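I opened this model to look up its strands, its aromatic pairs and one surface patch. My entries follow.

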Amino acid sequence: MNELLQNWKRTHYCAEPTSENVGQELLLMGWAATWRNLGSLIFIGLRDRTGIMQVVFDESALPHDVFELAETIRSEYVIAVKGVLVNRTPEMVNKNVSTGAFELKATELKILSKAQTPPIYIDDNLDAQEQIRLKYRYLDLRRPCMQKIQMVRHKITQCARNYFEANGFVEIETPILTKSTPEGARDYLVPSRIHPGEFYALPQSPQQFKQLLMLAGFDRYIQIARCFRDEDLRADRQPEFTQIDLEMSFVEEDDVMAVNEGFIKTLLKETLGLDVQLPLRRVPYDEAMNRYGSDKPDTRFGLELKDISDIVKESGFKVFSEALAGGGSVRCINAKNAAEKLTRRNIDELTEFVKIYKAKGLAWMSMKPEGMQCSFAKFLTKEQIDEIHERADAQTGDILFFVADANNETVYAALGALRLELAKRLNLIDNSRFDLLWVTDFPLLEWSEEENRFVAKHHPFTSPKDEDLDMLETNPAKVRAKAYDMVLNGNEIGGGSIRIHSSQLQERMFEVLGFTKEQAWERFGYLMEAFKYGTPPHGGLAYGLDRLVMLIAGTTNIRDVIAFPKVQTASCLMTNAPDAVDDAQLKELHIKVDLGND
C-alpha cells in the first residue's frame, strides 16, 4: 500500500463531475494549476488531463491542520483532495471552463508531491522558446493544449483500428530490425553484436513485409507502424514517424480508394463532426501540375496556373524565348484585385521567393486603374498582351506573375509555391474548409540528375499502368503508375499504389532502375523468390499519422503532435540523444569510431 495514499481512491477526474454530483463527497487528484490565498479562503485550480476543478479551502469549516497544510500548496504541487461538490453562486460561475458552475469544498487534503518553480509556465499562453519547451517536454505536455493534441492522436488511432477491424483487416506487426535496401532516404543502421561487421536497418516503411503478408494469405492487413528515415529535416518531417499502414489482396485501384474514402469520412466525422461527400474528386497528376503546379494541390482558393507559351513564342523577350527554345514553358498566375495590395517592394520580395525554387526571376504585369505597368511590355505586341489578358482573365486591379524556364519542373515548383505564398499574403484561404481529393496517374519514374538514371517516383514495387507497359524500356518517362495520393488542403495525407505481383515484371522494373539481375536478387531476392509461389494481385496505402493529427488538431508544427520529438538536428534536447557510448559497448560491436575528416 502506498503510504501517502493510504487507500485514498480517486472517484472522478477533475472535469468529470456534473450537476448530478452536487452534494456528493468526491476525491480528486491532480496538479495545483493555480492558487490564491485570500486569508481565510484558499482557492486551488486542480488540473488533470480532463480539465480543471476549483477547490475551496475555508478556514472556518476545516480543522486547523488541514487549512495550514493548504497554505503550503504552490504551483504544480501534486495533491489529493476530499470534499463536497457544491454549486457556485451565479455571479461566480466561470463560463470559460466546463466545470465553471461547480467547486469542491475541501474537507481533507494530502500533498503527494512538492514541486520546484517550473522553468516554463504550464499554460496555453506560454511564450517560451521551443528549445526550452523541448528540453522540459514533460512539463510542456502538461499544458491543456498539448494534452488535447495527444488525445486527438489517440482518437485517430482508435478510429483507424475500429474502422479497419470492422472492414475485415487484421492488425499484424512487422520487424523493426530488417535489411538495408536502396532507394528512398538513408537507412538508420544498427550494428549486430552476433554478426560482426553486419548491420540491421530500421524500416523506412513496412512495404516489403506487407506485400509478403499478402503472399501469406492475410488478404487485409493494418498496422500503426513506426518508420525511420535518416534525411534532412523540415518543419513537417521527423527522423522517426508513424504510419497507418494497410494492404489488400485481390483489388484494383478503385477498391483501395473506396475503402480509404470510407475511413477518412468516418475519421473526420468522429473527430471534427464534418460530413464528407463521397466519392472524392480525382485529379490526374498532369492536370494537378498544369493547374496548380503541385501534385498535392490546395484547392480552397483559385490562383490557377495558365500556360501562355504559345502566345509569347514569337516575342522578343529573351527570358521567354530561351525557355521555350530549351523545351520549357512560360506560365502565369493572376492575383485578382492585388494591384493595390502588393507594393513594388512586395513584388521584389516575391521575386526573391521564387528563386528559392530555382526560378531565375519573376516577370509581372500590373493592371492598375491609371494604366498597365509591366516589366517586359516593350517586347510584346498589343495583340499578344490582349491574348494574355484574355487567357488569364485579367482585369483592372489584377497582377499577373510569370515564370519561364527550360525545365518545366522549375516552372511548376516556383509558381506552385508562389500560389501558396500569394494565398497567405492576400488572405485567400478559408481555414474552416476541408478540401479532400485524390491525385492519380502519377509518373512511374522520374529522372535523377544526381544519379544519372531513372528512379521510382513512389517505390520500385509500384505497378505500371497496363496500357503503358510497352513503353517501360523504350520510353520510361511516359509510363504512368497505378498510384494514388489522398490530399487534404494541400497536404498529402496518404499515398499508395497497386503493386507489381509478377516476378518477371518486377525484374523488368529493377532493370529500368539500373540494377543488374545480380544486384536486384542480392537486395530483394527474398521478395522476388516469394513471387514464384502464388502471388495475389494486391495494393495498399499508408497515411502519415503525424501529419494527419497536425491537420485535424489545427497546428502547423509537427513536433506539437509527437510526444517526444526531435529537433532539426535529429537530436532530443530532453535526453541529449544521440550521445557517445562507452568503449566497452563499441568493442562488443566490433566498432571503432573515427571522427577524422578523411
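**Strand pairing and the barrel**

I began with strand S1 (residues 25-37) and strand S4 (residues 78-87), which pair in the antiparallel sense over 7 bridges. Two strands count as paired if DSSP finds at least two bridges between them. Strands here are DSSP runs (E, at least two residues), helices are runs of H or I of at least four residues, and both are numbered from the N terminus. Within this pairing I looked up Leu-27, whose bridge partner in S4 is Lys-82.

I then followed the barrel: 5 strands close into it in the order S1-S2-S3-S5-S4, and the pairing is mixed. From one strand to the next the twist averages 55 degrees. For such angles, axes are lines fitted to C-alpha atoms, for helices over the stretch in contact, and the angle runs from 0 to 180 degrees between N-to-C directions.

**Source and overall numbers**

This is a predicted model, in which local features need pLDDT of at least 70 and side-chain atom pairs count only at pLDDT 80 or more, while totals for chains, interfaces and linings use all residues. Residues are numbered from 1 along each chain as its sequence is written, and side-chain values use heavy atoms, with hydrogens and water left out.

I noted 16 helices and 22 strands in the protein chain. Its C-alpha atoms fill a box of roughly 95 × 75 × 55 Å, taken along the principal axes. Of the 598 residues, 48% count as buried. Buried means under 20% relative accessible area, exposed over 50%, and partly exposed in between (1.4 Å probe, protein chains only).

**Strand S14**

Is S14 enclosed or open to the outside? Strand S14 (residues 363-368) has 5 of its 6 residues buried, so it is largely enclosed by the rest of the structure. I found 4 bridges joining S14 to strand S16 (residues 399-405), and the two run antiparallel. Trp-364 has Phe-401 as its bridge partner in S16.

S14 also pairs with strand S15 (residues 371-374), in the antiparallel sense and over 4 bridges. S14 and S15 form a hairpin with 2 residues between them. Met-367 stands opposite Met-372 in S15.

**Aromatic pairs**

I counted 21 aromatic pairs in the structure. Phe-510 and Phe-515 make an edge-to-face pair, 5.8 Å centre to centre with 85 degrees between the planes. Rings of Phe, Tyr and Trp (its six-membered ring) pair if their centres lie within 6.5 Å; planes under 30 degrees apart count as stacked, over 60 as edge-to-face and the rest as tilted. Phe-510 counts as buried because its relative accessibility is 1%, and Phe-515 because its value is 14%.

Phe-510 and Phe-524 form a stacked pair, 4.7 Å centre to centre with 10 degrees between the planes. This pair links distant parts of the chain, 14 residues apart: Phe-510 lies in helix H13 (residues 503-512) and Phe-524 in helix H14 (residues 517-530). Phe-524 is at 1% relative accessibility and therefore counts as buried.

I also recorded one aromatic cluster, formed by Tyr-163, Phe-164, Phe-169, Phe-263 and Tyr-543.

**Leu-177**

My last entry is on Leu-177, found in the loop between strand S6 (170-171) and strand S7 (189-191). Leu-177 counts as partly exposed because its relative accessibility is 43%.
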